[in-house]
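Here is a short briefing for a reader new to this structure. It covers a sheet, an aromatic pair and a surface patch.

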Amino acid sequence: ILVPTNASVAFPIGTVVTIVTATAITTTIAPVDSGTTTLILSKFGTDNSINISADTYVTLLKIDTDKWIVQT
């Protein structure tokens, strides 16, 4: 799953996106442009890609123009 830059999709700050993974499928969340968009894995700091296990969900919260917090 690719998180777009604000220039391509201007989600408002405060937007929440929930991602649910399927059985037996690991999912990776990454920014389209890691030089522009930042993902912050809650409690663990900044990351360029986040692997999500099968049968789980995560929530992305947009906190700034190109910054998202990912809660697992």
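Strand β3, which spans residues 27-31, pairs with β6 in the antiparallel sense over 3 bridges. Strands are DSSP runs (E, at least two residues), numbered from the N terminus, and two of them pair if DSSP finds at least two bridges between them. The model is predicted: local features need pLDDT of at least 70, side-chain atom pairs count only at pLDDT 80 or more, and totals for chains, interfaces and linings use all residues. Residues are numbered from 1 along each chain as its sequence is written, and side-chain values use heavy atoms, without hydrogens and water.

**Sheet**
- T27 has I52 in β6 as its bridge partner.
- The open sheet has 3 strands in the order β1-β3-β6, with mixed pairing.
- Its edge strands, β1 (2-3) and β6 (50-52), each pair on one side only.

**Aromatic pair**
- The whole structure holds 1 aromatic pair (ring centres within 6.5 Å, with the six-membered ring used for Trp).
- The ring centres of F11 and W68 are 5.8 Å apart and their planes are at 85 degrees, so the pair is edge-to-face (planes over 60 degrees apart).
- F11 lies in the loop between β1 and β2 and W68 in strand β8 (residues 67-71), so the pair ties together parts 57 residues apart in sequence.
- W68 is buried at 3% relative accessibility (under 20%, 1.4 Å probe, protein chains only).
- F11 is partly exposed at 31% (between 20% and 50%).

**Surface patch**
- V16, L61 and I63 form a nonpolar surface patch with about 220 Å² of accessible area together.
- V16 is in strand β2 (residues 16-20).
- Patch residues have over 30% relative accessible area and no salt bridge, and nonpolar side chains are joined within 5 Å; a salt bridge is a side-chain nitrogen of Lys or Arg within 4 Å of a carboxyl oxygen of Asp or Glu.
- Accessible areas come from the Shrake-Rupley method with a 1.4 Å probe.

Definitions and conventions. Helix = DSSP H or I, 4+ residues; strand = E, 2+ residues; numbered from the N terminus. Patch = residues over 30% accessible without salt bridge, like charges linked within 9 Å, V, L, I, M, F, W, Y side chains within 5 Å. Phe/Tyr/Trp six-rings, centres within 6.5 Å; stacked < 30°, edge-to-face > 60°.
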